Each structure stands twice: as C-alpha cells, then as structure tokens.
Amino acid sequence: MLRTTYATNLKSFGFFHFHTVCVRCTEKIHKTFSEKLEDGPQFEDFISNNYTEYKGKLKLEKGDSRLKLPPWLKTEIPMGKNYSKIKSQLRQLRLSTVCEEARCPNIGECWGGGSHGTATATIMLMGDTCTRGCRFCSVKTSRTPPPLNPEEPVNTATAITDWGLDYVVLTSVDRDDLSDGGAEHIAMTVKEIKRRSDIFVECLVPDFKGNRSSIATIVASNLDVFAHNIETVERLTPFVRDRRANYNQSLDVLRIAKECNENLITKSSIMLGLGETDNEVEQTMRDLRNAGVDALTLGQYMQPTKRHLKVIEYVTPSKFKLWENMGKQLGFLYTASGPLVRSSYKAGEFFLTNILKDRHHQETKTPSEL
C-alpha cells in the first residue's frame, strides 16, 4: 500500500524556522547533532491537538460493524493551487500517484501544502497495478500488469527536479512478473535524478522475493535511504499481506541492503490497529533493529474501502508516543510515531535530511577541521 514516491520541498518549510534569529544560528554551530534533532519539530507540530478526551469506543468487539473515527484522525482537506498544479503535471507526464491509488488520508495536506505551506506529492513507479493483493491496500492488482513505461525514469526525474526539492522518496508497486522485480527500472530512476541534481533519494521498495541481486542493484544506484516495510507483526502477516510476502523475508531484505552497504540508512514501517498486541509490536521493533534498520515509522491503519480489512483498534496518540520513546531506547536514528504518520511523512523526511546533510558535512571536512 505504502509503496510511493514522496516529494518534499524542504526549502519552503516555513514552520521549521531555519533562520529565526542570527544568535540562534550562531548557537547551532556549537550544538551536537543530537541536540539539533531535539530542537527540531516533533510529530505534534504537524497535527492539531485541539480535541478533548475521547470517550468513544476504540476497539472493535464481537458484533460491531465498524468503529467510528476518533477526532485525532479527522483532518481538513485543503485543496489549493499547489494541489491542482501537482496533479496537472503528474497527469501530463503520465506518472501514477499512490496518494490517489491507495486513498491516502494526507493527500490534501501534502498536495495542497496545508496550513504549513508544505507542498509534497507521491509518485508510484512501474505503473498503477500491483501483482500482489495485500488485504490492507487499495492499489489495483493483476497477474499481468501493463509493461513498464521506458520513459518513466526520465519523466520522474524531470518532475522532481522542476519542483526544486531537497528530498524525494521513490516507491513502487510489486512486479513479480518481471525477472528482477523491477529493480533495474527503479535504479535507473535514481540515477536520472542524481544526474540532474543533488537531491537526497529514498527508495521504498518491494521485497523482490528476497533476491539478493535485485536488492544489490538498488543499493548500487547511489540512493541515500533504503526502505522496505515490514507492515505488521509476524503473527498477523499471513492475514494482512499477500501470501508471497513473508515476515522473515522482509527482515532479510533489510539485512541484505545493510550488508551491501553498511553506511546506507535503512528504514521500515509498521501499521497499528490490526489486532496486534503491545508485546508483538515491541518484538517487531526489536527484530527490525536487530536487522540493522536505522529509521522506523509507526502509523494508524485506515480501512480504504469496505472490501478491505476492518480497523480492529484506533490507537491513541499517547500510545504512539510510547512507541516513539521505545524506538529511542532501542537505538533507532529516528522514530516517527503518530496516528497519521505514514512510511513517508514530512516530519521523517526533515529528520533524515538533517542526518544525511550532517554525514555529508563530516565526509567533506578537511583533516584540520576534524
């Protein structure tokens, strides 16, 4: 579901206050990188918390048809000129968006910029039809999807560079009909972007059936962040994901990527609200950390249509905060945890961009600066 291309214009993030006052800028020079991250925006900065204590039902019980949406998941859908502009350009370049295909609840805020003026968009590589049928995802499925568009890597790179971005997430559908799962196509897109700009590139990729060669192709493309979603806890995997997806196989994909390049940032995501227990969530987080995963996002599962899995529980913001703290304890570089957080979310991209910039700065330091 969450295989998307996510584009964030960090240069226009007015609410990050990069240049508030000269004194603050001077002080930042002497801060450690961890202190800089602590001073950055938290998840609460991206949502409105003006709701009172919710007394409605949060967990599905026997005989219930479905749960009512709690207030923290009710967001306004701003549709401004940025929304229209992005949609028009995507259609013109024949690019698919997972925002529309997967019915993402953040589409209005991301495309329209929301109250923060942050314009973001998602592009789904390799078409709009997946060869798998996960029970949480509304993307179209087929055993024989249309052939790849050979112009897509260039079209994607053209759109992204025209938007003047600092960070982009390339994601895709599964293509089990292709011998390499589409790895070369994704890698070509990364190379086209890198050839045109110095944008940081994250790839949220399929599992490629665990094929080491395909994973190595992605890693060798010069991407900055390798992401693959575990999606849910081990017990629920057979009921939530397509039968060809496998919990341990997903861990292996992330582990292999790290083996191919130990300095590469790896990332994964967990959906909550499908009936998992707290112990299972904690174990999944530990399994990901043991596989070398650096960054983690946790968000609320939202039923896209009546044909998909029901929401078993609406997890409270306070519980998401607990998982964020657990992520810090386990040693993740960052943990983005909140009801509307998705595998690619602007708060996460902000943190990862700072991490990547800091690493690049350290690599380019002269001996006298070390």
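Arg 132, Asp 174, Asp 176, Asp 207, Asp 242 and Arg 244 are joined by salt bridges into a network, a salt bridge being a side-chain nitrogen of Lys or Arg within 4 Å of a carboxyl oxygen of Asp or Glu. The model is predicted, so that local features need pLDDT of at least 70 and side-chain atom pairs count only at pLDDT 80 or more, while totals for chains, interfaces and linings use all residues. Residues are numbered from 1 along each chain as its sequence is written, and side-chain values use heavy atoms, with hydrogens and water left out.

By the salt-bridge rule the count comes to 20. Three of these pairs are set out below.

| Pair | N to O distance |
|---|---|
| Arg 132 and Asp 176 | 2.8 Å |
| Asp 278 and Lys 319 | 3.2 Å |
| Glu 282 and Arg 286 | 3.0 Å |

Arg 132 lies in the loop between β4 (129–130) and β5 (140–141), and Asp 176, 44 residues apart from it, in the loop between β6 (167–172) and α7 (183–196); helices (H or I, at least four residues) and strands (E, at least two) are DSSP runs, numbered from the N terminus. Arg 132 is buried at 4% relative accessibility, and Asp 176 is likewise buried at 17%, where buried means under 20% relative accessible area, exposed over 50%, and partly exposed in between (1.4 Å probe, protein chains only).

Asp 278 in helix α11 (residues 278–290) and Lys 319 in helix α12 (residues 317–330) are 41 residues apart; Asp 278 is partly exposed at 41%, as is Lys 319 at 23%. Within helix α11, Glu 282 and Arg 286 are separated by about one helical turn, because they are 4 residues apart.
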